Amino acid sequence: MNCSISGEVPEEPVVSKTSGLLFEKRLIERHILDYGKCPITGEPLTVDDIVPIKTGKIVKPRPVQAASIPGMLGMFQIEWDGLMLSNFALEQQLHTARQELSHALYQHDAACRVIARLKKERDEAWAFLAQAERQVPTSEAMPDAVNAAALANGKRAIEDGEMGPDGKRSRPGISSSIISELTDCNAVLSQQRKQRQIPSTLAPVEDVERYTQLTVNPLHRTNKPGILAMDILYSKDIIATAGADSNAVVFDRPSGQVVSTLSGHSKKVTSIKFAAEGEVVVTGSADKTVRLWRGSEDGGFECSHTLKDHTAEVQAVTVHATNKYFVTASLDNTWCFYDLASGLCLAQVEEASGSSEGGYTSAAFHPDGLILGTGTAGSVVKIWDVKSQNNVARFDGHQGAVTAISFSENGYFLATAAHDGVKLWDLRRLRNFRTLSPYDENTATQSVEFDHSGSYLALGGSDIRIYQVANVKSDWNCIKILPDLSGTGKVNCVKFGADAKYVAAGSMDRNLRIFGLPEEEAGPSEES
């Protein structure tokens, strides 16, 4: 007799009281636990309803297939076929899983593209909004007589961004109230300078002579390496870098963490500055635009204005001491004076003579704010009166483009860098009193920077050199040479930290390097 479930001879036969059917004990008990009814009749059934049957020891007969070699071979063939079918099913499942994964990745890629397109549309909308913001105050500032004359001729008044009769964009100009504000700022800063003393916390020469590399911070992409400019917000010890990868990065030096990556420019970012106590970052790019990035609630920065007033690469940005205005300089042979809050271009300045020096390659405000220095691709340094926008001085003598320009905090030293080295100018007598030529004729000097106290001067080329600032007649001694550990042989930017406690440098690799006194040496030195 066979089990009603398996159809085989049961090892422990039991019979149901209700149906009289024979079952294998372990099979029927499991079925009762799962379903509580007879598997054949469907009637309710419990374990108490089954009765074990006592039988003699059952010897299972050998299957017919196993009674001969051909039969066993047939069994093996059946087993093999089953294994192959199972393997085929697994391969089908694997293929289906791969298809699902590929579809998921395609959907992810499509989503990324949609996000990128939406970001682009957002940036364009911000640009249109910025343009509208600039047009509104300009149209309000136009005198009524000009508007009336324009309407009388059947034409509407020229708005910002539109061309005037001379073929140039119309600008509202730097108003008398702004000039008064700049003059007042100049008076305050000049008075403070007369009382200025070298801070006691300034790093002494003995410490600077022992500076070595402290950290290497990979901030930019490897496919387009290069840090082209940087700025430091001393109050928070935050460093902003401009990269050849078209991104700018805001980096918190004490924690070693990236605060924000500013993405939006389509070409390399050539210049960068903090403004408004670090609430705004200004960037200039080879894509001919200037962007204003304002701090967001999440601690990062978002682009608030995209300024398109230049027609060639923007090479430099510099912020006025009031933190309300900034200037950009471009290879289109013009520099623009902007209002920081609105992004409005108040003045776009080009020399009246129309002489072209190949465009501007560098720019910096004098610490007092009434003088602007610019360097050109034609080896000329020009000094401008910001109030009148007139070129009041011109320094010749460099070879190659003027790559960097820096005013000393004392107010009367100017350092400029070009292919032939660094020239130091006395602004009181408008003459060159010293030339530093640290490199050979094939190595250009890319960067020059005074520290905030005016006590040290750093320049970058194939390495980093730090000089102790002296007077016009005394020698300016090189007190430290820091090697370019990037291996590129081109240091693009050098900047002193607060009190010259460290030096930050960017080269043609992706890393921001910090040089300073090692911690084990910094402790005793600072205490003394």
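This is a predicted model: local features need pLDDT of at least 70, side-chain atom pairs count only at pLDDT 80 or more; totals for chains, interfaces and linings use all residues.
User: Thanks! And what is the mean pLDDT?

Analyst: The mean is 86, and 89% of the residues reach 70 or more. pLDDT is the predictor's confidence in each residue, from 0 to 100.

User: Where does pLDDT stay under 50?

Analyst: One such stretch is residues 138-161, for which the model has 27 contacts beyond four places in sequence; a contact means heavy atoms within 4.5 Å. Another is residues 524-528, with four contacts of that kind.

User: OK. How many helices and strands does the chain have?

Analyst: There are six helices and 31 strands. Helices (H or I, at least four residues) and strands (E, at least two) are DSSP runs, numbered from the N terminus. Looking at contacts with a separation of 6 or more, 47% are between residues 24 or more positions apart.

User: What about the surface: how much of it belongs to carbon and sulfur atoms?

Analyst: They account for 52% of an accessible surface of about 27300 Å². Accessible areas come from the Shrake-Rupley method with a 1.4 Å probe, and for residues only the protein chains shown count as cover.

User: Which residues form a nonpolar patch there?

Analyst: Ile-69, Met-72, Leu-73, Met-75 and Phe-76 do, with about 510 Å² of accessible area together. Patches are made of residues with over 30% relative accessible area and no salt bridge; like charges are joined within 9 Å, and nonpolar side chains (Val, Leu, Ile, Met, Phe, Trp, Tyr) within 5 Å. Met-75 belongs to helix H2 (residues 69-141), and Met-75 counts as partly exposed because its relative accessible area is 34%.

User: Switching to charges, how many salt bridges turn up?

Analyst: The whole structure has 14. The rule is a side-chain nitrogen of Lys or Arg within 4 Å of a carboxyl oxygen of Asp or Glu.

User: Which residue does Arg-171 pair with?

Analyst: Arg-171 pairs with Asp-309, and their closest N and O atoms are 3.1 Å apart. This pair links distant parts of the chain, 138 residues apart: Arg-171 is in the loop between helix H3 (144-152) and helix H4 (176-194), and Asp-309 is in the loop between strand E12 (301-307) and strand E13 (314-319). Arg-171 is buried at 16% relative accessible area, and Asp-309 is buried at 5%.

User: Nice. And what does Asp-237 bridge to?

Analyst: Its partner is Arg-253, with the closest N and O atoms 2.9 Å apart. Asp-237 sits in the loop between strand E5 (227-233) and strand E6 (238-243), and Arg-253 in the loop between strand E7 (247-252) and strand E8 (257-263), 16 residues apart. Asp-237 is buried at 15% relative accessibility, whereas Arg-253 is partly exposed at 27%.

User: Are Asp-463 and Arg-465 buried or exposed?

Analyst: Asp-463 and Arg-465 are both buried, and they form a salt bridge with closest N and O atoms 3.1 Å apart.

User: I always ask about cysteines. How many disulfides are there?

Analyst: The count is zero, with a disulfide taken as a pair of cysteine sulfur atoms within 2.5 Å. Cys-336 is in no disulfide, and the nearest cysteine sulfur, that of Cys-345, is 3.9 Å away. Cys-336 is buried, with a relative accessible area of 0%.

User: Last one: which residues other than glycine have a positive phi?

Analyst: Among them is Ala-276, with phi near 55°, in the loop between strand E9 (269-275) and strand E10 (280-285). Lys-288 has a positive phi of about 75° and lies in the loop between E10 and strand E11 (290-295). Ala-276 is partly exposed at 24% relative accessibility, and Lys-288 is partly exposed at 41%.

How values were computed: Residues are numbered from 1 along each chain as its sequence is written. Side-chain values use heavy atoms; hydrogens and water are left out. Buried means under 20% relative accessible area, exposed over 50%, partly exposed in between (1.4 Å probe, protein chains only).
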